[in-house]
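Subject: Structure for you to look at

Dear colleague,

Here is the structure we talked about.

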Amino acid sequence: MTEQDALYKYCLRLGDDALIHSYRLSEWCSNAPILEEDLALTNFALDMIGRAQLLLTYAGQLEGKGRTDDDLAYRRSEREYFNHLLLELPNGDFAHTIARLLFSSVWEYYFFNELQHSRDTTLAAIAAKTVKEVKYHMAHATDWAIRLGDGTEESNHRMQKAIDDLWMYTGELFETDEQTAILRDKNIAADMAMIKAKWRQEIERIIGEATLTMPKDEYMQTGSSTGIHTEYLGHILSEMQYLQRAYPEATW
Amino acid sequence: MEILEKTDKIHEDMLKTFEQKIDRGDAIEPRGHMPDGYRKHLLRQISQHAHSEVIGMQPEGNWITRAPSLRAKQILLAKIQDEGGHGLYLYSAAETLGISREEMIDQLHSGKAKYSNIFNYPALTWADIGAIGWLVDGAAIVNQVSLQRTSYGPYSRAMVRICKEESFHQRQGYEIMAKMMKGTKDQQAMAQDAMNRWWWPSLMMFGPHDTESPHTGDAVKWKIKRQSNDELRQKFIDKTVQQAEVIGLTIPDKDLKWNEDKRHYDHGPINWDEFYRVINGNGQCNKQRMAHHIKVHNAGAWVRAAAEAYRQKKEKQLLHL
Ligand SMILES: [Fe+2]
Ligand SMILES: [Fe+2]
Ligand SMILES: [Fe+2]
């Protein structure tokens with residue numbers, strides 16, 4: 001694998017994360033517990049679509065086959081998607097959505113903080129922009145996790161169940177593989193071991209403040225780095241890609 | 001007896017001040033006196049407007065996950081967010097009249113408060129997203145531009161903010177239609193079909209003809225309503241017909257033609273039976289929209305309860321410090 005190939009896949013994966021998570025958050029439109037929350041969650045979805053556009057456009061350039069961000073988003077199939085499993089899971093209740101946003105935004109915060117120093121200047125610029133947005137996502141998720149954890153008995157149970165249910169999908173966030181190793185050597189990719197330590201510490205702190213219990217580290221789900229997904233991704237793609245697939249000649 | 005006479009006198013003076021303000025065209029503010037009828041009329045109108053913004057998120061939200069490009073998705077999502085924001089401004093404006101958002105939502109659920117009838121129509125294809133932005137927001141703007149001069153201060157200020165965003169929505173909707181009309185045969189057919197379905201309901205958004213409209217009297221006297229239903233409808237038709245022609249869409253009205261004497265377009269008869277059928281609950285989506293709003297509101301109750309419990313806990317802790 002060349003450095004160029006590795007970087008293509010690296011950007012694709014980050015772009016897919018943003019795209020798929022934005023899809024899930026946008027499903028909260030007209031579905032949130034209060035109107036303000038409807039607006040907040042869809043606002044994060046908007047940030048993520050913007051991030052997906054930047055990353056997928058760059059991925060398309062690196063690939064060099066003339067594919068645009070839309071081509072990559074709308075014309076790839078299940079096995080060609082590389083987003084982390086955590087982000088494609090159905091929303092569940094509000095606690096599950098908050099738990100996912102918490103796990104992913106804390107991860108993204110440390111991750112993009114590191115990536116700002118990437119030797120690849122395009123990636124570094126995207127990371128710098130992303131960190132600013134992710135700070136708000138993280139603050140929001142933290143705030144709700146604490147309120148729900150330390151709110152009523154019901155909300156406490158729901159929040160605990162949510163972090164327990166999603167825990168087995170967090171291991172994947174810190175995996176490294178051949179492509180990240182190549183990019184690490186060149187000071188392009190972020191150092192996962194360090195990010196993992198910071199992530200764990202911060203999540204522990206928030207879970208403690210929320211009067212919740214840290215889940216036990218048991219089996220961690222894996223597969224997305226090779227395009228092995230949950231059954232849910234196929235449904236996302238069939239809905240998201242419907243118009244582009246049904247009218248391949250059309251532009252919108 | 002004397003006391004009663006005195007309070008009568010005070011009331012009379014306050015009413016006179018109110019009427020003078022209206023005559024001069026001054027804004028009425030929440031703290032000032034206003035007759036009960038004025039307050040009631042405004043409450044009904046502003047809460048209906050707020051609910052319309054919020055219920056209107058449903059038909060458009062129906063297409064977010066299927067938007068055909070990243071840019072289209074972004075524009076649609078931002079638009080729907082604007083509408084939710086409009087709902088928030090308007091709920092706040094209504095709250096200045098002494099009602100809470102929770103009460104307004106209860107009234108919506110019980111059927112006491114209404115929302116715009118247009119959202120009882122389904123958004124069936126992607127072209128409907130274009131048609132809604134262009135025609136529905138386009139019709140709303142005509143109405144709202146006129147409401148920028150409405151006599152109640154908080155309502156008129158909300159309208160000024162809202163109108164700025166609405167004109168974006170209208171342009172973006174029109175852009176969707178224009179793009180489709182430049183596209184494949186399938187896209188053109190899809191766009192024309194949406195036009196056919198949304199044109200008449202958009203005209204109905206302005207309400208019954210002036211000769212039939214029950215609320216017009218007081219609302220005009222109090223300068224809540226500044227132009228009549230038919231005047232506003234005519235404005236909308238005149239500006240929209242030309243926009244349709246430019247991109248090659250046909251207005252589904254065989255009687256539509258330019259009237260050189262009036263310098264307006266004449267239009268064919270509006271199907272008021274349909275209008276009243278939908279208003280009275282038999283539109284395709286009336287039950288769906290309300291059931292959805294109620295379901296979501298109930299499903300979120302535990303979250304609101306948790307936020308409130310947490311707030312109270314923190315307040316108590318502060319007191320014990
Ligand atoms: Fe609107
Ligand atoms: Fe609006
Ligand atoms: Fe609008």
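Over the ring of which residue does the charged end of A:Arg76 sit? The ring belongs to A:Tyr81, and the charged end of A:Arg76 is 4.2 Å from its centre. A charge is taken to sit over a ring if NZ of Lys or CZ of Arg is within 6 Å of the ring centre and within 35 degrees of the ring normal. In chain B, B:Arg171 lies over the face of B:Phe168, at 5.2 Å from the ring centre.

Before the rest, the ground rules. This is a predicted model, in which local features need pLDDT of at least 70 and side-chain atom pairs count only at pLDDT 80 or more, while totals for chains, interfaces and linings use all residues. Residues are numbered from 1 along each chain as its sequence is written, chains are lettered from A and ligands numbered from 1 in the order in which they are written, and side-chain values use heavy atoms, with hydrogens and water left out.

Aromatic residues

Over all chains, the structure holds 22 aromatic pairs. Rings of Phe, Tyr and Trp (its six-membered ring) pair if their centres lie within 6.5 Å; planes under 30 degrees apart are stacked, over 60 edge-to-face, and the rest tilted. A:Tyr109 and A:Tyr110 make an edge-to-face pair, with 5.3 Å from centre to centre and 70° between the planes. A:Tyr110 has a relative accessible area of 17% and is therefore buried (buried is under 20% relative accessible area, exposed over 50%, partly exposed in between, with a 1.4 Å probe and protein chains only). One aromatic cluster is formed by A:Tyr10, A:Trp107, A:Phe111 and A:Phe112.

Helix packing in chain A

Helices (H or I, at least four residues) and strands (E, at least two) are DSSP runs, numbered from the N terminus. Helix H5 (residues 94-115) and helix H9 (residues 192-209) of chain A pack at an angle of about 140°, with their axes 9 Å apart. Axes are lines fitted to C-alpha atoms, for helices over the stretch in contact, and angles run from 0 to 180 degrees between N-to-C directions. The angle makes H5(A) oblique to H9(A); under 35 degrees counts as roughly parallel, over 145 as roughly antiparallel, 65 to 115 as roughly perpendicular and the rest as oblique. On the H5(A) side the contact includes A:Trp107, A:Tyr110 and A:Phe111, and on the H9(A) side it includes A:Trp199 and A:Ile203. Contact means heavy atoms within 4.5 Å.

Two loop residues in chain A

Most residues other than glycine have a negative phi. A:Ser30 has a positive phi, near 70°, and is placed in the loop between helix H1 (3-26) and helix H2 (35-63) of chain A. At 14% relative accessibility, A:Ser30 is buried. A:Asn187 also has a positive phi, near 60°; its place is the loop between helix H8 (178-185) and H9 of chain A. With 47% relative accessibility, A:Asn187 is partly exposed.

Chain B

Chain B has 13 helices and two strands, and 53% of its 321 residues are buried. Its C-alpha atoms fill a box of roughly 75 × 60 × 35 Å along the principal axes. Of the contacts in chain B with a separation of 6 or more, 76% are between residues 24 or more positions apart.

The axes of helix H2 (residues 36-55) and helix H7 (residues 153-181) of chain B come within 13 Å and cross at roughly 25°, so H2(B) is roughly parallel to H7(B). This crossing of H2(B) and H7(B) is left-handed. Among the residues that meet are B:Leu42 and B:Ile46 in H2(B), and B:Tyr155 and B:Met159 in H7(B).

B:Leu42 is buried, at 0% relative accessible area. Beyond four places in sequence, B:Leu42 touches B:Ser47, B:Leu97, B:Tyr152, B:Tyr155 and B:Ile224.

B:Ile224 is in the loop between helix H9 (216-221) and helix H10 (229-247) of chain B, and is buried at 0% relative accessibility. The contacts of B:Ile224 include B:Tyr38, B:His41, B:Leu42 and B:Leu147. B:Ile224 and B:His41 are 183 residues apart in sequence, yet 8.7 Å apart in space, C-alpha to C-alpha.

Regards

Methods
A crossing is left-handed if the near helix is turned anticlockwise from the far one by less than a right angle, and right-handed if clockwise.
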